[in-house]
Every structure is written in C-alpha cells, then in structure tokens.
Amino acid sequence: MNTTHTLENRTHLDTLENGLTVVTVEMPHLHTLDIGMYIRSGVRFETPANNGISHFLEHMLFRGNRRYPDSILLNTEFEKIGRGLRASTYTEHTHYDFSPHYEQLERGMELFSDFFADPLFPSIEVEREIILEECLEDFNAEGVNVDIDYHACKLLYGDDPLGYSIIGTEESIKAIDTAQLREFFETFYCPGNMVLAGAGALSHDRFLELAQRHFGGFPKCGRVIPKNHFVGTVAENQQAPALFIQKHDDSQTQLQICFRSVSFNDPDYFIVSLIALIFDDGTASRLQKTLREDRGLVYSVQARETALSDCGTFDFDVNARPEKVLEIADIIFREIKTLLAEGPSAEELDFVKKRYAYELELEYDSPYKQLVRYGQAPLYSTAISVEDERALIEGITVDDIRRVARRLFVASGLNVVLVGPHTPKLSKDLEGLIHGF
C-alpha cells in the first residue's frame with residue numbers, strides 16, 4: 001500500500017493585530033518540534049560605520065533580559081526544557097530557533113517572548129571580545145582577510161552592503177556601543193518585521209493561542225520593511241569577467257568561480273537548483289566524476305546556488321595545491337561549455353530530479369526544514385509547499401536546463417577569486433583562461 005504524505009492542509013499562516021506573522025506546521029506523526037523567529041535584520045541594513053551590528057545584536061540578546069539578567073540564567077532556562085537556543089545572522093535576516101520537548105511548548109513560548117521583550121545588553125565588553133575572536137578566524141597571521149566568500153562579495157558588489165562582512169571589521173566592532181545596539185533593536189526587531197514559526201508535534205490552535213498570549217502584547221514600533229525592499233537596489237552592470245587574487249601562505253589554494261545568478265523569487269530559481277545538482281550531487285555528478293574520480297585532482301568540489309530576495313550567485317568552490325588550480329579551472333569551464341552546447345541527457349536529468357524528490361521527502365520528518373520553508377519565506381517571498389515544489393521540479397525539461405544555463409553562464413557575469421599561494425605565471429594563465437571563456 002502506498003501512503004501519500006502531505007503538509008499542505010497542516011500549514012497555517014496568521015497575522016496578529018500588532019503585525020507579527022505566525023506560522024504553524026502541524027506534524028502529528030512526530031514527537032519533536034522546533035520554534036523559530038525570523039527577523040528582517042541583517043548586513044544589508046548596515047553602514048560602514050556600524051557594520052556588524054546585526055551580528056553583534058544577535059550575540060547580545062543571549063546576554064540577558066529583564067527577567068533573566070545574565071547569560072547563564074537565561075540559557076539555563078532554555079536548556080532545562082530541551083535543546084538550547086541557537087541563532088545565525090545572514091545577509092537579509094536574522095534567525096533564532098530552539099527545540100523544546102513537546103510537553104514544554106507553553107514554557108518555551110514564554111521564554112522565547114521574554115528573550116525578545118526587554119533585552120538589557122549587559123557585559124558588552126565581554127561579548128565584544130568574543131566577537132573579535134570570531135572575526136579573527138577570517139584573517140591570517142599578517143592581518144589579511146583570507147575568507148574567500150568575503151572577497152567574492154567584494155568583487156561582485158563593491159561598496160554595497162552586500163560586499164560587507166557579516167561579522168564586521170575590527171574597527172566597526174570596537175565602535176559599536178549599547179545605545180547603537182538598542183536603537184538598531186528598536187528599529188528592526190518590531191512585530192511587523194518578525195515571523196514566529198512552530199513546526200512539529202503541536203497544533204495550530206494551541207500555537208496561535210500561545211503566540212497571542214506571549215507575543216500579542218509586543219507594541220507596534222520601529223521601521224517595517226516591505227517584502228520587496230531590496231528589489232532594484234543593486235546595479236548588476238558588470239561588462240567583462242573579473243579576477244581577484246589574495247596571497248595567503250597555506251598548503252592549498254582556494255578557488256571560487258562565481259557567476260551572477262537569480263534570486264529565490266525568480267521563475268528560473270528551481271531550474272538553477274537542478275543545474276547545481278547536475279554539476280555536484282554525489283559521485284556520479286559531472287564535477288565529482290571529472291575532477292575527483294577520474295583524475296584525483298581534488299578531495300572535494302562544490303557547485304551551489306546562493307540566492308537572495310533580489311539577486312544571487314552560482315558558485316564553484318575547490319581547494320587544491322597551487323600547481324593543480326589552472327587544470328581544475330580549465331576542466332570546470334569545459335564542463336560548463338559542454339552543458340551549454342549539449343545540455344543534460346534525459347537520463348541524467350531524470351536522475352537528479354529523483355534525488356531532489358527524495359530530499360524533499362525527508363522534509364516530512366524535519367521540523368527545522370519546515371521552519372525554513374514556511375517560516376523564512378514570508379520575510380521576502382511566499383512559501384511554496386513541498387508538494388508544489390516537487391511538481392515544479394518534475395516539470396523541468398532538458399530545454400529548460402539549456403535555456404537557463406545560457407542565461408547563467410555568460411562571460412559578463414563571471415568572477416573568479418583565488419586565495420592562497422600562487423605564482424605570477426599562475427595569475428597570468430588564470431587571467432587568460434577566464435578572459436577566454
């Protein structure tokens with residue numbers, strides 16, 4: 001007997017009077033749950049002077065609030081009822097989530113509301129030192145930033161906030177004070193910018209009731225950011241391939257080949273996702289086969305799409321010894337040209353579509369993935385169900401792949417970043433290779 005799973009009728013979106021969006025994903029077959037908060041707050045809302053403040057604020061909320069005035073008291077309360085609170089700062093949003101035991105839902109919602117209600121921002125100098133240590137992870141012994149993603153963003157977006165470091169600079173981190181943190185918090189951490197989501201062993205009625213009880217009293221305030229806030233704000237007028245090289249004494253050289261791509265709101269987004277799988281999804285995928293299995297040039301290679309609300313990139317990432325870099329880059333370019341000329345075979349496309357569908361099936365047992373799908377989406381987009389996404393993927397054809405590949409892999413959108421040991425000859429040869437693409 002075949003059983004068809006569906007979450008379509010178990011997913012609910014409500015808006016409280018104060019503007020807070022509440023998302024519930026009922027998964028009654030589970031005994032676990034996740035609760036998350038998604039907020040329109042991130043590096044794209046920063047300036048050079050306060051760069052890193054979104055990330056700094058994320059850290060400081062863990063330091064305590066009026067009810068639990070220090071980090072130990074606060075975090076212990078979360079840890080008493082399940083897996084502790086986690087958080088991440090991204091380009092366009094900040095995310096907090098935790099996993100209480102399903103019998104501790106009410107206590108979890110109470111704690112979560114306290115977390116956001118009245119932060120005190122204590123021990124700022126202690127947290128500043130922690131963040132400065134985190135910042136140093138991106139620098140070498142000479143004080144040079146060697147994070148390849150940072151350099152790729154700078155190459156692509158220049159002085160736009162998309163080119164800033166999420167952590168910030170040493171100078172900006174040292175300059176941020178409590179008054180700035182509170183102002184940023186009061187501006188962006190307002191109900192109209194927040195999505196409270198729960199997924200797993202919970203009911204919609206109960207979750208909505210608790211959301212109203214514990215979060216409904218949050219006042220309307222701050223600056224409400226619309227979903228399309230960033231659309232049209234980035235001028236992507238690149239005319240020719242670009243290369244950036246950062247010397248770094250290491251045993252390997254990092255190489256990133258990056259093409260300008262589409263946003264997650266673009267109709268071609270899911271086709272781009274399938275193209276990434278054609279290049280890199282298991283041993284049988286194109287780059288794994290040509291670079292690793294056939295030639296032994298790399299330990300690992302990654303092809304990935306990185307999408308924001310208005311733009312995106314398609315990246316190839318490898319680490320290898322300097323003497324292998326040129327050959328690796330040449331093979332990647334040749335694989336791209338082969339896809340452009342021939343497209344995937346029907347069998348190859350069917351293979352990656354089936355693997356994609358299997359991954360979608362796994363979401364039925366993951367409250368966290370349901371949070372991401374249904375909780376994050378309302379910030380800048382509209383959620384798409386697992387069932388609808390599977391239907392979209394199933395409908396993608398070989399001609400679709402070829403059309404979008406031609407849109408994606410163009411010389412005027414190509415950016416290459418190299419971080420690590422290199423020679424003048426490698427730099428010259430690599431420049432020639434990318435300008436010949």
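1. **Ground rules.** The model is predicted, so local features need pLDDT of at least 70 and side-chain atom pairs count only at pLDDT 80 or more, while totals for chains, interfaces and linings use all residues. Residues are numbered from 1 along each chain as its sequence is written, and side-chain values use heavy atoms, with hydrogens and water left out. Helices (H or I, at least four residues) and strands (E, at least two) are DSSP runs, numbered from the N terminus.

2. **The six-stranded sheet.** Six strands form an open sheet in the order E1-E2-E6-E3-E5-E4, and the pairing is mixed. Two strands pair if DSSP finds at least two bridges between them. Strand E1 (11-15) and strand E4 (82-89) are the edge strands, each pairing on one side only. On average, neighbouring strands of this sheet are turned by 15° against each other, direction ignored. Axes here are lines fitted to C-alpha atoms, for helices over the stretch in contact, and angles run from 0 to 180 degrees between N-to-C directions.

3. **Strand E6.** Strand E6 (residues 194-200) has seven of its seven residues buried, so it is largely enclosed by the rest of the structure. Buried means under 20% relative accessible area, exposed over 50%, and partly exposed in between (1.4 Å probe, protein chains only). In a regular strand the side chains alternate between the two faces of the sheet. From E6, Met-194, Leu-196, Gly-198 and Gly-200 point one way, and Val-195, Ala-197 and Ala-199 point the other way.

4. **Partners of E6.** Strand E2 (residues 21-26) pairs with E6 in the parallel sense over six bridges, whereas strand E3 (residues 33-39) runs antiparallel to E6 and is joined to it by seven bridges. Gly-198 is worth a click: it is the bridge partner of Thr-24 and also of Ile-35.

5. **Strands E4 and E5.** E4 and strand E5 (residues 94-100) run antiparallel, joined by six bridges. Ala-87 stands opposite Tyr-96 in E5. Helix H2 (residues 71-80) packs on the sheet and touches E4 and E5, its direction making about 125° with that of E4.

6. **Phe-98.** This residue lies in strand E5 and is buried, with a relative accessible area of 0%. Leaving aside neighbours within four places in sequence, Phe-98 is in contact (heavy atoms within 4.5 Å) with residues including Leu-33, Ile-35, Phe-78, Leu-85 and Phe-112. Phe-98 and Leu-33 are 65 residues apart in sequence, yet 8.7 Å apart in space, C-alpha to C-alpha.

7. **Helices H1 and H7.** The axes of helix H1 (residues 53-61) and helix H7 (residues 178-188) come within 10 Å and cross at roughly 95°. That makes H1 roughly perpendicular to H7, the class for 65 to 115 degrees; angles under 35 count as roughly parallel, over 145 as roughly antiparallel and the rest as oblique. Residues making the contact include Phe-56, Leu-57 and Met-60 of H1 and Leu-181, Phe-184 and Phe-185 of H7. By class, the contact has eight nonpolar, two polar and no charged residues. For that tally, Ala, Val, Leu, Ile, Met, Phe, Trp, Tyr, Cys and Pro count as nonpolar, Asp, Glu, Lys and Arg as charged, and the others, Gly among them, as polar.

8. **The five-stranded sheet.** A second open sheet has the order E7-E11-E8-E10-E9, again with mixed pairing. Its edge strands are E7 and E9. E8 and E11 run antiparallel, joined by six bridges, and Gln-256 stands opposite Val-417 in E11. Strand E9 (residues 301-307) pairs with strand E10 (residues 312-320) in the antiparallel sense over seven bridges, and a hairpin of four residues joins E9 to E10. In E10, Phe-314 is the bridge partner of Glu-305.

9. Helix H11 (residues 322-342) lies across E8, E10 and E11, running at about 25° to E8. In helix H5 (residues 148-157), Ile-148, His-151, Ala-152, Leu-156 and Tyr-157 are buried, and their cover includes E7, E8, E10 and E11. Just after H5, Gly-158 takes a positive phi of about 60°.

10. **Thr-290.** Thr-290 sits in helix H10 (residues 286-293) and is buried, with a relative accessible area of 11%. The side chain of Thr-290 reaches the backbone oxygen of Arg-286 at 2.9 Å. Not counting residues up to four places away in sequence, Thr-290 touches Arg-295, Ile-331 and Glu-335.

Conventions: A polar contact is a pair of N or O atoms within 3.5 Å; within protein, one must be able to donate a hydrogen and the other to accept it, and residues adjacent in sequence count only if both atoms are side-chain atoms.
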